[in-house]
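Subject: Structure handover

Hello,

Here is the structure I promised to pass on. My notes follow below it.

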Amino acid sequence: MQNYTEEIWHFTKNHATGLTAALAGISSFLLGLGVLALRRWLAGGVCRSKVRLDGKTVLITGANTGIGKETALDMACRGARVVLACRDMTKAYAAADEIRQRSGNGNVVVKKLDLASLQSVRDLAKDVQENEERLDILINNAGIMMCPKWQTEDGFEMQFGVNHLGHFLLTNCLLDLLKKSTPSRVVIVSSLAHERGHIHFEDINLDKDYKREKSYSQSKLANVLFCRELAARLQDTGVTAYSLHPGVIHTELGRHLFPSFALWKRLIALPLLMLIKTPREGAQTTIHCAVEESLANDSGLYYSDCAPKEAAPQARDDAAAKKLWDLSASMVGLA
């Protein structure tokens, strides 16, 4: 036994470098597997539906980049007529060209939409009503995140105005066409940030105490409450509504947030960017809510990773949802 132990010791001593390298290699391999497993888990759910959308029309706001562009590509691959409703027309035309080329579907069009302008929203709605025979899926995807205290053209706080009020008006203006095209769907991209949100009814523009995070969370809570009240008002019409959290995604949406970080925070955040969702992965829940056949009779629910998820308690408040609807209608000038 003593000789055996001595042989092992001598072998280890004589081959220390090789054994260290081997152990380091094994450790790196296992670490790599662990990172890959973590990355796959963070990628979240995948839409499994193979449904075709031939003969149907889909309108997507903010479809020139990020998850909006990936959603538009998926809809085009399914044969839909896809309308990219965007503020930056140069990027929108470039995105449309790319989507046509990659999908083989030439029926991809671009229309101007600036959600920070109620007049622009009305102009787009009028254009769609006059030139589109149908609207099967409306995807309220565009948004702004963590910007400074800016105002929309109409004087509303920017994040609430773009993320909620612009989409609220657009959806209401297109309801008749959606009803004409039933069964049809409204998909509203919200965020997990709604869980930290509160609707400040007495200071909706946050003039008294503006904070970027506070404003963003309020706007994302408004998205979920809007979906809830919209579903209640559209019962038995054939139009269904869905809100969702797409996940933490590496897109241009964070362009106002990252530069505000201190240098040490940026250095910490950079490696983490490799772990968060790609736009294609982030688009999966939006696509799921838009096309999944099993959701046809569901409405007003909140989704994450292609599955229903219970929204925060304040997002399930029917009284608050109705109050927000009435306030929003007053702010955008709806009867």
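Is aspartate 305 buried, partly exposed or exposed? Aspartate 305 is partly exposed, as its relative accessible area is 35%. Please keep in mind that this is a predicted model.

Backbone first. Aspartate 305 sits in the loop that runs between strand 7 (301-304) and strand 8 (307-308). This residue is not a glycine, yet its phi is positive, at about 50°. Leucine 206 is another non-glycine with a positive phi, here about 55°. Its loop lies between strand 5 and helix 8. Leucine 206 is buried, with a relative accessible area of 0%. These spots deserve a mention because most residues other than glycine have a negative phi, and most peptide bonds are trans.

There is a cis peptide bond too. It runs from threonine 182 to proline 183, with omega near 0°. Proline 183 belongs to the loop between helix 7 (175-180) and strand 5 (184-189).

Next, helix 3. It covers residues 66-77, which makes 12 residues. From first C-alpha to last it reaches 17 Å, close to the 16 Å expected at 1.5 Å a residue. The helix is mostly covered, with 9 of its 12 residues buried. Among the buried ones are Gly66, Ile67, Gly68, Lys69 and Leu73.

Glycine 55 is in the loop between helix 2 (16-43) and strand 1 (57-61). Glycine 55 counts as exposed, at 60% relative accessibility.

The largest cavity has a volume of about 30 Å³. Which residues line the largest cavity? The lining consists of Lys69, Glu70, Leu73, Glu98, Ile99 and Arg102. Helix 3 and helix 4 (89-103) each supply at least two residues of this lining. By class, the lining has 4 charged residues, 2 nonpolar and no polar ones.

On to the aromatics. The count is 4 aromatic pairs. In one of them, the rings of phenylalanine 226 and tryptophan 325 have their centres 5.8 Å apart and their planes at 45°, so the pair is tilted. Phenylalanine 226 lies in helix 8 (residues 212-233) and tryptophan 325 in helix 12 (residues 318-332), so the pair ties together parts that are 99 residues apart in sequence. Phenylalanine 226 is buried at 3% relative accessibility. Tryptophan 325 is buried as well, with a relative accessible area of 9%. Ring pairs also bring in Phe168, which forms a cluster with Phe226 and Trp325.

Last, the cysteines. How many disulfides does the structure hold? The number is 0. Take cysteine 289. The closest cysteine sulfur to its own is in cysteine 306, 7.7 Å away, and that is too far for a bond, because a disulfide needs the sulfur atoms within 2.5 Å. Cysteine 289 is buried, with a relative accessible area of 0%. Cysteine 86 also counts as buried, at 1% relative accessibility.

Over to you.

Best wishes

Conventions:
Residues are numbered from 1 along each chain as its sequence is written. This is a predicted model: local features need pLDDT of at least 70, side-chain atom pairs count only at pLDDT 80 or more; totals for chains, interfaces and linings use all residues. Side-chain values use heavy atoms; hydrogens and water are left out. Buried means under 20% relative accessible area, exposed over 50%, partly exposed in between (1.4 Å probe, protein chains only). Helices (H or I, at least four residues) and strands (E, at least two) are DSSP runs, numbered from the N terminus. The expected span of a helix is 1.5 Å times one less than its number of residues. On a 1 Å grid over the protein atoms alone, a cavity is a set of points where a 1.4 Å probe fits but cannot get out, and a pocket is an open set with protein on both sides within 12 Å along at least five of seven lines; lining residues have an atom within 4 Å of a point. Grid points are joined across faces, edges and corners, and a volume is the space filled by probe spheres set on the points. Ala, Val, Leu, Ile, Met, Phe, Trp, Tyr, Cys and Pro count as nonpolar, Asp, Glu, Lys and Arg as charged, and the others, Gly among them, as polar. Rings of Phe, Tyr and Trp (its six-membered ring) pair if their centres lie within 6.5 Å; planes under 30 degrees apart count as stacked, over 60 as edge-to-face and the rest as tilted.
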